[in-house]
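Colleague: I have not looked at this one before. Can you put it up so that we can go through a few parts of it?

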Amino acid sequence: MSSTTNTSVVLGVFQANLGRSRLATKELPNLISNGTPDVYLIQEHYSYKGEMKGLPLSWKVLVADGGKVLVAIRNKNINVIARHIGKEIVVADLLCGTTTLTVISFYIPPSQNKIQAISHLEEVIENLNITSFILGGDINMRSLLWGPDIPDHRASDDGGPFVDFILKHGLNIINDPNSASTFETKNGQSWIDITVSTSLLSDKIRDWKVTKEVFSDHSSLTYKIAFDTLDLIGNTPNFSQRKIFRLGNMVAAKFSEAETEIKNIHSKKGLEDWINKLTCFIQSACRGTNLQKADHLRVPWWDTELDIQRKKTRALRSRYQRCKDPSQRLCRRTIFKKEEAKYKWMIKVKSRECFEKLCLSLTNSNPFDLPYKLATGKTKKKMVFNTVINDQGIKTKSIDETITTIVNKLFPQDLFNSETPEQAQTRVLVESY
């Protein structure tokens with residue numbers, strides 16, 4: 001598809017509070033019931049000794065040490081600029097072709113002062129000079145604007161600070177107040193996970209829904225963002241060196257004979273035959289180096305047995321959550337917890353066995369391969385661009401601006417008027433060499 005024509009691009013977004021669950025974090029790559037997400041806005045992910053654990057190395061992840069929120073990018077064709085990385089706020093610019101999308105992952109702990117948390121969020125947005133963004137997070141506040149009037153331990157006007165924030169910035173609430181609850185325990189239900197956006201982006205968000213597929217007390221929110229761009233995400237092939245070398249040899253062998261073949265053409269039919277042969281060569285070369293992409297790339301240890309156990313566990317959880325009779329509810333909760341524990345144990349055992357086999361096969365061929373790099377912390381992470389401060393003391397807002405600022409700082413302009421006598425003498429020496 002030509003890059004000079006507008007193309008409709010749809011990004012899938014997955015938003016959830018994982019409740020610090022190792023199982024929920026590890027299962028994220030397999031949750032694709034509503035399509036494979038491109039962007040993840042996560043709160044309370046699993047961490048070990050203050051470091052985020054459980055997500056694939058191929059994802060671009062923005063998270064602070066000891067942080068409670070992260071932004072993860074699954075689509076390798078989306079470039080990322082980290083605008084702000086804090087423990088409870090992460091702001092990132094996603095570069096999708098010619099379009100830049102700003103996303104914010106936000107979390108307010110239940111014990112934190114809500115007014116102070118919202119003030120900190122406003123301060124971050126104002127300092128970054130953001131005018132268009134999508135914000136998703138667990139705010140631990142309820143309101144009739146994003147949920148029904150069901151009393152819980154929170155005050156009815158608990159969402160006041162966030163409502164003031166929405167009105168101040170002219171934001172639109174994407175949540176459906178009549179949707180299923182976003183948080184549920186044995187004590188009750190709440191609607192405390194929210195998605196908001198500026199008015200320019202709200203019309204581009206569609207298919208917002210609540211799904212009960214995360215093994216956490218919170219439900220996941222999934223939605224899609226559609227916009228026009230000049231470059232289609234995902235149409236850039238990523239050839240290996242072996243395929244590039246093979247393609248180069250095929251082209252070199254073909255065109256080494258092209259000049260002689262063209263000289264021997266003396267008729268229109270001969271030219272048409274040569275063009276047909278060239279077309280067949282190009283088609284065969286494309287087929288020989290075509291990227292084979294699986295419909296759904298799963299982790300190698302995932303199998304049918306885990307699929308069956310996951311469906312069974314989800315069904316039991318739904319039965320438990322729908323039950324209103326206190327005596328039956330307790331019994332169903334016990335059954336669900338037993339199956340959930342079995343599901344967690346199966347994931348742990350299967351993933352561990354697969355990892356041990358992988359380490360054994362890799363170390364047999366090269367002892368300094370992936371296991372060694374994992375143990376020594378030398379694995380390469382996906383590149384995430386950070387902003388820098390330019391000469392005016394302002395943070396850069398794009399990759400081009402960031403690169404230009406760095407280059408100008410490392411290689412300043414050559415000004416004759418500001419030269420010292422020693423520099424002028426060196427210039428004359430070099431020019432006359």
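Colleague: Is Lys168 buried or exposed?

Modeller: Lys168 is exposed, because its relative accessible area is 53%. Buried means under 20% relative accessible area, exposed means over 50%, and partly exposed is in between, with a 1.4 Å probe and protein chains only. This is a predicted model, where local features need pLDDT of at least 70 and side-chain atom pairs count only at pLDDT 80 or more, while totals for chains, interfaces and linings use all residues. Residues are numbered from 1 along each chain as its sequence is written, and side-chain values use heavy atoms, leaving out hydrogens and water.

Colleague: What do the side chains of Lys168 and Glu122 do?

Modeller: They meet in a salt bridge, at 3.5 Å from N to O. Lys168 lies in helix α3 and Glu122 in helix α2, so this pair ties together parts that are 46 residues apart in sequence. A salt bridge here is a side-chain nitrogen of Lys or Arg within 4 Å of a carboxyl oxygen of Asp or Glu. Helices (H or I, at least four residues) and strands (E, at least two) are DSSP runs, numbered from the N terminus.

Colleague: And Glu122, buried or exposed?

Modeller: Glu122 counts as buried because its relative accessible area is 15%.

Colleague: What else forms a salt bridge with Lys168?

Modeller: Glu126 does, with the closest N and O atoms 3.7 Å apart. Glu126 is in α2 and Lys168 in α3, so here the linked parts are 42 residues apart in sequence. Glu126 is partly exposed because its relative accessibility is 48%.

Colleague: How many salt bridges does a search of the whole structure find?

Modeller: The count is 14. One of them joins the side chains of Lys312 and Glu339, at 3.6 Å from N to O. Lys312 is in helix α8 (residues 304-322) and Glu339 in helix α9 (residues 326-365), 27 residues apart. Glu339 is buried at 15% relative accessible area, whereas Lys312 is partly exposed at 41%. There is also a network in which salt bridges with shared partners join Glu27, Asp307 and Arg310.

Colleague: Back to α3. Which of its residues are buried?

Modeller: Pro161, Phe162, Val163, Phe165 and Ile166. The buried residues of α3 pack against α2 (114-128), β10, β11 and β14. After α3 comes Gly170, with a positive phi near 60 degrees.

Colleague: What order do the seven strands of the open sheet take?

Modeller: The order is β11-β14-β10-β9-β8-β7-β17, with mixed pairing. β11 (171-173) and β17 are the edge strands, each pairing on one side only. α3 (residues 160-169) packs on the sheet, touching β10 (134-138), β11 and β14, and its direction makes about 130 degrees with that of β11. Two strands pair if DSSP finds at least two bridges between them. Contact means heavy atoms within 4.5 Å. Axes are lines fitted to C-alpha atoms, for helices over the stretch in contact, and angles run from 0 to 180 degrees between N-to-C directions.

Colleague: How are β11 and β14 joined?

Modeller: By three bridges, and the two strands run antiparallel. Asn172 has Ser197 in β14 as its bridge partner.

Colleague: Why is strand β8 described as largely enclosed?

Modeller: Eight of the eight residues of β8 (residues 89-96) are buried, so the rest of the structure largely encloses this strand. Ile89, Val91, Asp93 and Leu95 point one way, and Val90, Ala92, Leu94 and Cys96 point the other way. In a regular strand, side chains alternate between the two faces of the sheet.

Colleague: What about the strands that pair with β8?

Modeller: Six bridges join β7 (residues 79-85) to β8, running antiparallel, and a hairpin of three residues connects them. Eight bridges join β8 to β9 (residues 99-107), also antiparallel. Val91 stands opposite Ile104 in β9. The hairpin of β8 and β9 has two residues between the strands, and Gly97 there takes a positive phi near 65 degrees.

Colleague: Last one: where does Thr387 lie?

Modeller: Thr387 is in the loop between β17 (385-386) and α11. This residue counts as buried because its relative accessibility is 15%. Among the residues touching Thr387, not counting those up to four places away in sequence, are Ile81, Arg83 and Thr402.
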